[in-house]
Amino acid sequence: MTTRLGTTITKKIMEEQRQFPGAKGDFSGMLYELVVALKVIAYEVNKAGLMNILGQAGTTNIQGEIQQKLDVFANTTIIHKMDHTGYLCGMASEEVDDYIPIPDRHPQGGKYVLLFDPLDGSSNIDVNVSIGSIFSIFKKKSTGPKCAAEDFLQPGNQMIAAGYAVYGSSTMFVYSTGLGVHGFTLDPGVGEFILSHPNIKSPKKGGIYSVNEGNRIFWDDKTKKMVDYFVSDDKATGRPYSSRYIGSLVADFHRNLTKGGIFMYPPDKRSPQGKLRLMYEAIPLAFIAEQAGGQAVDATGKRILDIVPTALHQRTALYIGSNDDVETAKKFLV
Ligand code: AHM
Ligand code: MG
């Protein structure tokens, strides 16, 4: 009997490595280690209802939010899986106040920096709604074996890879190294991610808008007009759009990436800088969006990938998705 498993993630990572002349395999090794960490998290998320792991851990993170137990688990899993590989000089996590140093086991120090949101959409953990993990990878810029602040505070246009996992009706892993966007589905039988969505391209224009309309009373007029535009009636431009909002950025983004549409988290009176984090959420997803033919901008219409970060936990407004829909949003912003 012959079996055909399809393209595994390992094979795809190795294939892509060959596109980078001179690559020695460090990046591939690091990415594969990260994939293993995400599989461990997926496994834990999928049995969360069976374990005494749901509910709050009783601690708060730097943003003052209550951390869920699975947040803590996901954060620890990624740190412990990645800190001994020798590939990284440092990490930064949405759940950790400062940079995460790497133990002094490798005298040369690693040449990459990993930033991640270990479990995005944490308000959805307890209610069996899709959540995910988001990451981005930069090359170390500073000299010397240790990481410096400048290695973490790089604009998104310097990023070498980004991606996410969605723990939903199936577990998916989506990533880009700048050679298009590729999506894999976890085959739980063999425990391997199999290429299911090669070279994802987002529809140029979609029919979905995603925003938390419960915040409307806190929006400025620009935002109200923009959202009113998407819900007003005009057959020629495919309006009104459908509203879809899960409340897990990674899942909302993934749906809009494949179906077409726009996700918005505008600034409002309560979060004048926006709610989402530039380094852990906006930048990596902006990289994926652009690689799939879409766009991502902030409240001034500026390209997210061109924002030079000044703080690790900086927040930003975010308008992200299909090219034409973000172009429409920009008309209201600038
Ligand atoms: P988290 O990283 O703590 O889960 O917070 C970010 C989440 C995003 O996933 C989601 O888009 C947003 O917060 C939802 O916020 P709101 O509940 O204000 O609509
Ligand atoms: Mg998040």
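The side chain of Ser-133 has a polar atom that lies 2.7 Å from the backbone oxygen of Pro-118. The model described in this report is predicted. Ser-133 belongs to strand β6, which runs over residues 131-139.

Is Ser-133 buried or exposed? Its relative accessibility is 2%, and buried means under 20%, so Ser-133 counts as buried.

## The surroundings of ligand 1

Ligand 1 is surrounded by 17 residues, and the closest are Gly-121, Asn-212, Tyr-245, Leu-249 and Tyr-265. Sorted by class, this shell holds 5 nonpolar, 5 polar and 7 charged residues. Three strands each supply at least two residues of the shell: β5 (112-120), β13 (262-265) and β14 (276-277).

## Polar atoms facing ligand 1

Oxygen atoms of ligand 1 have backbone as well as side-chain atoms of the protein beside them. For Gly-121, a backbone N or O atom is 2.7 Å from an oxygen atom of the ligand. For Ser-122, the corresponding distance from a backbone N or O atom to a ligand oxygen is 3.0 Å. Asn-212 contributes through its side chain, with a polar atom 2.8 Å from an oxygen atom of ligand 1. Of the 470 Å² of accessible area that ligand 1 has on its own, the protein covers 86%.

## The magnesium site

Which residues are the protein donors of the magnesium ion, ligand 2? They are Asp-117 (OD), Asp-120 (OD) and Glu-281 (OE), and they lie 1.9 to 2.2 Å from the ion. Along the sequence, these donor residues follow the spacing D-x2-D-x160-E.

The pair Asp-120 and Glu-281 links distant parts of the chain, being 161 residues apart. Asp-120 is in strand β5, whereas Glu-281 is in helix α7, residues 278-291. Both Asp-120 and Glu-281 are buried. Strand β5 is also one of the elements that supply at least two residues to the shell around ligand 1.

Helix α2 (residues 26-46) contains Ala-37. With a relative accessibility of 0%, Ala-37 counts as buried. Its C-alpha atom is separated by 6.2 Å from that of Thr-77, a residue 40 positions away along the chain. Asp-252 is found in helix α6 (residues 249-259). Asp-252 likewise has 0% relative accessibility and therefore counts as buried. A polar contact of 3.0 Å joins the side chain of Asp-252 to the side chain of Arg-255.

Tyr-229 lies in helix α5, which spans residues 221-231. How far apart in space are Tyr-229 and Pro-103? Their C-alpha atoms are 52 Å apart, and in sequence the two residues are separated by 126 residues.

How values were computed. Residues numbered from 1 in each chain as written. Chains lettered and ligands numbered in written order. Predicted model: local features only at pLDDT ≥ 70, side-chain atom pairs only at ≥ 80, totals over all residues. Heavy atoms only, no water. Near = heavy atom within 4 Å. Polar contact = N/O pair within 3.5 Å; in protein donor to acceptor, adjacent residues only side chain to side chain. Areas by Shrake-Rupley, 256 points an atom, 1.4 Å probe, with all protein chains shown as cover. Helix = DSSP H or I, 4+ residues; strand = E, 2+ residues; numbered from the N terminus. Nonpolar A, V, L, I, M, F, W, Y, C, P; charged D, E, K, R; others polar. Donors = N, O, S within 2.8 Å, 3.2 Å for Na, K, Ca; no water. Buried < 20%, exposed > 50% of the residue type's maximum accessible area, 1.4 Å probe, protein only.
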